[in-house]
Amino acid sequence: MTVQSLCLGTVMTNVYFLMNEDTKEMLIVDPAVNTKRICAQVDVMQGKPVAVLLTHGHFDHIMATKDIAEKYNIPIVAARAEEELLGDPRLNLSIISGMGQVSVKPDILVDDNDEPEISEFKFRVLLTPGHTSGSCCYYFYEDKILISGDTLFYGSCGRTDFPTSSAAEMGRSLKRLVTELPEDVKVYPGHDCETSIGFEKRMNPFV
């Protein structure tokens, strides 16, 4: 699997493109903003989008979601526990973003440890509340790749002072990730640079 990214928006959100090298089928993760640039990246990679995955519902991760889903006629996947936040501009903070209010209705709702059948992609949903009550990570176990959203960052973790956040749950979620996943799993966070489970297990003060 090929993983490429764009850093978009006022808070520099990572938008990921995960593509099967054989079939060119592609997952788009957290379409932040700028539909035009996201579509241009799909074209550059010669990808065939099959779904949008959302790690959580904050505005800086979802503003282009509807446009992308409609353009490629693909489903939106998100945690069931995040459904309310995604649909509420107050909870997803778009009402104060200065970018316009947004609400998103997922087509596929997933729960902890689900393995959605989306094309030939093999991944597991890990519910990791803390940044929001419905934050989740996507673990592509055959490729040892974790899309961690705003749960686990390089040397840090997501904020816990937003609606539905919980510092206690964040602590439990971080412990789960470094305990359950192999150290050589590569981590692609919602902001900042890539890291690994092993590095965060040893060096991250929040862990």
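Which strands does helix H1 (residues 35-45) lie across? Helix H1 lies across E1, E2, E3 and strand E4 (48-53). The model is predicted: local features need pLDDT of at least 70, side-chain atom pairs count only at pLDDT 80 or more, and totals for chains, interfaces and linings use all residues. Residues are numbered from 1 along each chain as its sequence is written, and side-chain values use heavy atoms, without hydrogens and water.

**Sheet**
- Six strands, in the order E1-E2-E3-E4-E5-E6, form an open sheet with mixed pairing; helices (H or I, at least four residues) and strands (E, at least two) are DSSP runs numbered from the N terminus, and two strands pair if DSSP finds at least two bridges between them.
- Strand E1 (2-8) and strand E6 (108-110) stand at the edges with a single partner strand each, so one side of each has no neighbour in the sheet.
- Strand E2 (residues 13-19) pairs with strand E3 (residues 25-29) in the antiparallel sense over four bridges, and Tyr16 stands opposite Val29 in E3.

**Helices**
- Helix H1 runs at about 155° to E1; axes are lines fitted to C-alpha atoms, for helices over the stretch in contact (heavy atoms within 4.5 Å), and angles run from 0 to 180 degrees between N-to-C directions.
- Helix H2 (residues 65-72) packs on the sheet and touches E3, E4 and strand E5 (76-79), its direction making about 145° with that of E4.

**Cavity**
- The largest cavity is lined by Leu8, Gly9, Thr10, Val11, Thr13, Ala32, Val33, Phe59, Asp60 and Met99; a cavity is a set of points on a 1 Å grid over the protein atoms alone where a 1.4 Å probe fits but cannot get out, and lining residues have an atom within 4 Å of a point.

Technical notes. 1 Å grid on protein atoms, 1.4 Å probe; cavity = no way out; pocket = protein on both sides within 12 Å on 5 of 7 lines; lining within 4 Å.
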